[in-house]
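User: Please give me a close look at a single part of this model. I would like one connected answer in plain words.

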Amino acid sequence: MSPDELVYLGVLAASIPVGFLFRYLSPPVKQGAGLLLGLSLTIATCQIHALHSLVTVIGTWIIIKSTWRSAPALCLGWTFLYLLFFRLVTWFGLPAPTPFANAIQLLLTLKMVSLANEVQSYHLEKKKEVSSFSKSPVIGGLCAEPSLYDTLSYSYCYVGIMTGPFFRFQTYVDWLRQPCPLTLPAVAPCLQRLKLVPVYGALFLAVNSVFPLGYVRTDDFLNDNFFFRLFYMTAVFFVFRMRFYAAWCAAEAGCISAGLGCYPEGAMSKPGGGPTVSYSPDPNAPVAYDFKTIQNIDCYNTDFCVKVRHGMRYWNMTVQWWLHHYIYPNSPFKAYVLRAGWTMFISAYWHGLHPGYYLSFLTIPLCIAAESAMEGSVRARLGPWGQSAFDWVHWFLKMRAYDYMCMGFVLLKAGDTVHYWTSIYFVIHVLAVGCIVLGRLTRGSKRGEKRGEKEEGKVEEMESKDKLKEGIRAKQD
């Protein structure tokens, strides 16, 4: 492991016991201590580069105070433009930021854009209340506009400051105002989230030692058998997954120990967003809680969901929520595949300027188009057994597609990525284009793509309705 990885490991390990201590603090002390600890960690790991995050926070606060109506768009532009400057600082004769400063800047960008949207919603709902003389029905809305101290406290809260997960300002406020944090579940859910971390860590170290990424960049790699070269991307993606499974599960455990993101199950919370229905637990009945608000990874569904489009939902889930609510709806395109492409482009930019990010992320819409075409032209015509077999093949190809795209994500450089993809003859690109052509030839692609988009929307709508009904039943019970 590199020195930077050891620092991340130390931060993750220390955040868990510290979180249990925070449950004993009053709201004002918790807010101040969280800010002090997070700011100290930022200064210790970023040094002078900590100024980048401070400038971002102050700039966002000024925009929100100046014009709350336009704050979401202006803050998105401000934070994303500052990301560009942050990554090109060496062009201006400034020292390159540390990896820790980059991690903090990425998460801070998400927080600031979300905060601007939350403040805008607060003002809009407040105006509606005044005009209608009734309380706003919005779930999880702010009760007051945050002050500069509140903004700084949220921005530099030690929980997940370098590793995530992302959480909204309202989630942070709910954490501060928890009436009885010591009575909320702690040890059991924390251990539940940590139980597989040693396994993930051991598999990461073991497989990484056998299949080092650097070997792909050597000339000797091209002399290996084609099937070995093809298999290598599977091993690399496995290492990639184990690394993040371990890190994100540990990061979630740090949130759980502190009680962040703990809501009654009846609130139907979503990763990143928090509660989706109003909830008023019966004080005389036992209440079950969950930590779905800060869940950043669903390891099982990441590996075993069938579709490419579904795979994105279970990976980096809080960031996916952010993209789905703040980027996808504002896409300049209407078609699902193009909107997905726009969202993936923004996601690639958020991750960095390395060409490998764009080569990987922009392959996703192609794969989505391919699977939509095949669902409409092939799967729709099969019987139950045929559809089951189709789904198994679909799952296998989905995993290979993510193996393939992962190579661009980890190799970073365009030359290295294309060098590897050339060595396996751009197999996923060729296969995806072939599926689209097959769908066109069977005259089912357009209908299939539309059907896929409609089914996607129907599934999401049904899931929302089911959750709402369950929440209502939970309240009635």
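Which residues do ring pairs link into a cluster with F244 and W248?

Analyst: This is a predicted model, in which local features need pLDDT of at least 70 and side-chain atom pairs count only at pLDDT 80 or more, while totals for chains, interfaces and linings use all residues. Residues are numbered from 1 along each chain as its sequence is written, and side-chain values use heavy atoms, with hydrogens and water left out.

The cluster linked by ring pairs holds Y200, F237, F240, F244, Y245, W248, W315, Y357, F361, Y402 and F409. Rings of Phe, Tyr and Trp (its six-membered ring) pair if their centres lie within 6.5 Å; planes under 30 degrees apart count as stacked, over 60 as edge-to-face and the rest as tilted. By this rule there are 46 aromatic pairs. In one of them, the ring centres of F244 and W248 are 4.9 Å apart and the planes meet at 50 degrees, so the pair is tilted. F244 and W248 are 4 residues apart in helix α10 (residues 226–258), which means about one helical turn separates them. Helices are DSSP runs of H or I, at least four residues, numbered from the N terminus. F244 counts as partly exposed because its relative accessibility is 22%, whereas W248 is buried, with a relative accessible area of 8%. Here buried means under 20% relative accessible area, exposed over 50% and partly exposed in between, with a 1.4 Å probe and protein chains only.

Another pair joins Y404 and W421, and this one is stacked, with 4.6 Å from centre to centre and 5 degrees between the planes. It links distant parts of the chain: Y404 lies in helix α17 and W421 in helix α18 (residues 414–423), 17 residues apart. Both Y404 and W421 are buried.

Charges also meet rings. A charge sits over a ring if NZ of Lys or CZ of Arg is within 6 Å of the ring centre and within 35 degrees of the ring normal. The charged end of R241 sits over the ring of F237, a member of the cluster, at 4.7 Å from the ring centre. For R400 over the ring of F396, the distance to the centre is 4.8 Å. R400 belongs to helix α17 (residues 384–411) and counts as buried because its relative accessibility is 17%.

T302, in helix α11 (residues 299–304), is in contact (heavy atoms within 4.5 Å) with residues including Y245 and W315, leaving aside neighbours within four places in sequence. Y245 and W315 belong to the cluster.

Definitions and conventions
Helices (H or I, at least four residues) and strands (E, at least two) are DSSP runs, numbered from the N terminus.
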